Amino acid sequence: MAKGRDTQTRQNAIPPTANIGQLIQKHRMSGAAARKAIEQRLGELLVVDNNNPDFYQQQDIDRLQALALFGATPEIREAALSRIHDQNVLASIVSEHASSRIRQLAAAQITDDTLLAFAADAIRHKDKGLYKQIRHRLDSAQADIKAQEQKQKHLDKLCHDMEAHSRHSVSPLFAAKLQSIEQQWKEATIRPDSGVTPDLQHRFEAATQSARFALAESTRASEAEVIARQEQHDLVEALQLRLEALTGSEVWVSPADYTAALSQLEGRWGIALAVIAPESGLRHRFEALQKEARQLAKLLEQADSVQVEVGTLLAGLTAQPEDAAGLSRLADVLKPLSLNRQARVPRLLKQAQALVEQAQLHAPRKKTSARVEKAPKAPKEVPAEVVELLDKISSLVQEGHVLEAEKALKEARQLLKTLKLKSARLQELGDEVYKLKDWARFAILPKKEALVARMAALVTEEMTDPDARQEIIKEIQAEWSALGKVNNDEERRLWKQFQDLGQQAWEPVKKHLDEQKSREDANAERRTALCQELEEYSANMPAEVNWQRHVAILRAARDEWQRHHPVSSKVHKALQARFSSVLNALEAKLQAEYSRHEAGKQQLIAQAAALRDSDDVRGSCEAAKGLQQAWKETGSCGHARDQKLWEEFREHCDALFARREDVKTQQKTEDQDMVEQASKLLDQVEEVMATEGGGEVAVALMDAFESLSLTVPRDQQAVLRTRLADIRQRLAAERSAARQADFRSDLQRLTQLMEFCLKAEHAVMAGDTAESLQAGWQEDALPASFSEELVKRWSHLPRTLEVEPGQQLTLFNQHCLLLEILLDLPSPEEEQDLRISRQMTLFKLQRYPKTDDEKRKLVRNTLRAAIVCPALPEAEYAYAMERFSRIIGSGPFLSLF
């Protein structure tokens, strides 16, 4: 009695509320006895509607938590837990729940590492296995975070490297380094878990685009420089050809046309000059030609007014060489033009000048006094060497070489003096040399004055090309030396002036040469640094070399070497030898790698050739695919060699794949035949199913199809098996419909036979014997679905007087109530409390069916128990059978069978 009062007291202490959240809190704060009462109360409130598929979705978080904590079955607890997404609730379930499986499932749903760590600390001593799992998960998450941070740092460094690289000036190694950084980025971001963010991706792409733009601009500038340099060479050649054509043409050229053509060439030169500075020799050549062209233009303007008269006089003197007046007029016309100071002279003026000079050279020498001729002596024989020397003097005089003629004349006189000979011819040649020397003196001083003027102009002219100025100074000095000496005060004055101006003109050239030496030294340092870099690269080459990058480095190194040109001749040879040595060593490593790759590819070719004649075509094709993949993975052995080997390898593979296509065609034909046979077999199945009683035959045919379908291609099997599944489904539906029709027919007969049994039982209770009632019982006509139960009840007929009708009615109603609970059918009002109690009992004892099969089995057993309940009271019989008929005729009941 005391125990009952304690229980009643605890139940009264539970707040009469339906707030499940408050009950859960009360449960946490209560002792063991009070918890049991709260769990009973929650069991009354937590009724699960298994027929409602959206039941769990319709529950609030408190109900879901209560179901997860106190659900009647593990399935209910797990289903409720799967709908809980609140991290705090999941953490509390991990900390509080008694079931290890529920704790594991709840822990698996927690995504907040802080709450997960809190839950792990809470169960550290009561569930060590789950604690270790959670700690392992937290440690893995922390390791993933650190790894992600490392990846972020690496990606950020690559972005920084690319940004820094994009700001560098473009060098021969610029493209190789750009490719290297891009390859590193690709390798770092190829995996889905690379951790690259949109900001990092945008940052890297922007830096890459900037670097590629700089590289493209440099390439375009280089192309423009190549075009401009070619244009400069073409302009120099065009100017040279124009000058030669003008000086060699017999037709007089208009000064205006010539000046316009010259201006056009100079304009084109200025455009090319703005793109790139020309080579020193080319600039000097153009400026020299330009100067000659301008002098020639000025000469054309001066001579344009007299060129007709010069042509007329030249034609007259050609016809009458002895016309002294014409020759004198021609000399007067040519004198203002100063043709001796011109580098280039038109053909007409050059012919006129040559005619005047030739006439002056051969003019007769005036006699100063008469001499008494003596009787001639017998001439001595002149040696051959003297004759040869005199011929040489004559030739030099004719060619106008004053200094050489004077030297040869002295040599001849010394020779004749030694031989004690006299020569009238030598005297005549001496006179000719003196004439030529006098004329040369007359022509040398103006020319030297012109050279002084050229040197003075060179001093005042702004130096644009030091190399060209150096060549011009040397050329002017050479011209001065070639003119020879006059040995008078005027010449010495000119010489002093020429020397001073030469020093002034040389100062900028000297400065340029000093700067050029500095540049050569800097180029030598850069080439030395390049050699050191290549030697360091060669010494520290890794075991796994990126050979594509290696080739790019070699190409860039050669370009860089050419870029740092020129260098001093003193160090050029040693640097060239050092560069060639390290470059040859790197090239030898590359060639060794090429040879290794070539050997590997030759081996693949041999394997492909062996597969070509194999009988196992399918296996050979798979092996060939493997060889193709191996070919892709094998490195290059040089473009030309790669192409040749690839053509040979592809020939073998193409032949093998062609054989495979032939086999496929044959196999396809055979497969099509098998498909047609299988399709015909299914047609037979459908025909048999359309006949009455053909089900068994159809099953046999379907079994035959199963054997045949194993040889059908997989892509066709799906279609055939889909058709077979449809046939099976239709056959199963027909059989199910037949069974359901038989079952419903049995249900109609069941109520009739139960009433027949009940009347017989009432007759026995009224005093009749069981044997007298056997005549109306037909055991062979019983419904197959319930024959066992009906036979059992009829066999109990002789013992009818042993049962108590009221007790049987109570038992029958209990069976009906259970059927109504299981089928979710309404129960009479007076049995509602009993129904709730029965439901709670089922949940508490965990006997409530969880699946349709369990429900079907329990309904079937309950139905059998109700059928065999005998001797129901006559007053309650009609109501009880009506209730029973309503149950077995309901939709939920019929849907189970």
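Biologist: Hi! What does the accessible surface of the protein chain come to, and what share belongs to carbon and sulfur atoms?
Modeller: Hello! The accessible surface of the protein chain is about 53,700 Å², and 51% of that belongs to carbon and sulfur atoms. Accessible areas come from the Shrake-Rupley method with a 1.4 Å probe, and for residues only the protein chains shown count as cover. Keep in mind that this is a predicted model, where local features need pLDDT of at least 70, side-chain atom pairs count only at pLDDT 80 or more, and totals for chains, interfaces and linings use all residues. Residues are numbered from 1 along each chain as its sequence is written, and side-chain values use heavy atoms, with hydrogens and water left out.

Biologist: Thanks! How many helices and strands does the protein chain have?
Modeller: The protein chain has 33 helices and zero strands. Both are DSSP runs numbered from the N terminus: helices are H or I with at least four residues, strands are E with at least two.

Biologist: And what part of the residues is buried?
Modeller: Of the 897 residues in the protein chain, 37% are buried. Buried means under 20% relative accessible area, exposed means over 50%, and partly exposed is in between (1.4 Å probe, protein chains only).

Biologist: Let's look at helix 21. At what angle does helix 21 pack with helix 23?
Modeller: Helix 21 (residues 489-539) and helix 23 (residues 569-612) pack at about 25 degrees, and their axes are 10 Å apart. That angle makes helix 21 roughly parallel to helix 23. Axes are lines fitted to C-alpha atoms, for helices over the stretch in contact, and angles run from 0 to 180 degrees between N-to-C directions. Angles under 35 degrees count as roughly parallel, over 145 as roughly antiparallel, 65 to 115 as roughly perpendicular and the rest as oblique.

Biologist: Which residues make the contact of helix 21 with helix 23?
Modeller: On helix 21 they include Ala-524, Leu-530 and Tyr-537, and on helix 23 they include Val-571, Phe-579 and Lys-589. Contact means heavy atoms within 4.5 Å. The residues of this contact divide into eleven nonpolar, four polar and four charged. Here Ala, Val, Leu, Ile, Met, Phe, Trp, Tyr, Cys and Pro count as nonpolar, Asp, Glu, Lys and Arg as charged, and the others, Gly among them, as polar.

Biologist: What about helix 21 and helix 22, are they roughly parallel or antiparallel?
Modeller: Helix 21 and helix 22 are roughly antiparallel to each other. They pack at about 165 degrees, with axes 10 Å apart. Among the residues that meet, helix 21 brings Arg-527 and Leu-534, while helix 22 brings Ile-553 and Trp-561.

Biologist: Changing topic: which peptide bond is cis, with omega near 5 degrees?
Modeller: The one from His-565 to Pro-566 is cis, with omega near 5 degrees. Pro-566 sits in the loop between helix 22 (547-563) and helix 23.

Biologist: Where is Ala-871, and is Ala-871 buried or exposed?
Modeller: Ala-871 is in the loop between helix 31 (852-867) and helix 32 (874-888). Ala-871 counts as buried because its relative accessibility is 0%. Ala-871 also has a positive phi of about 55 degrees, although it is not a glycine.
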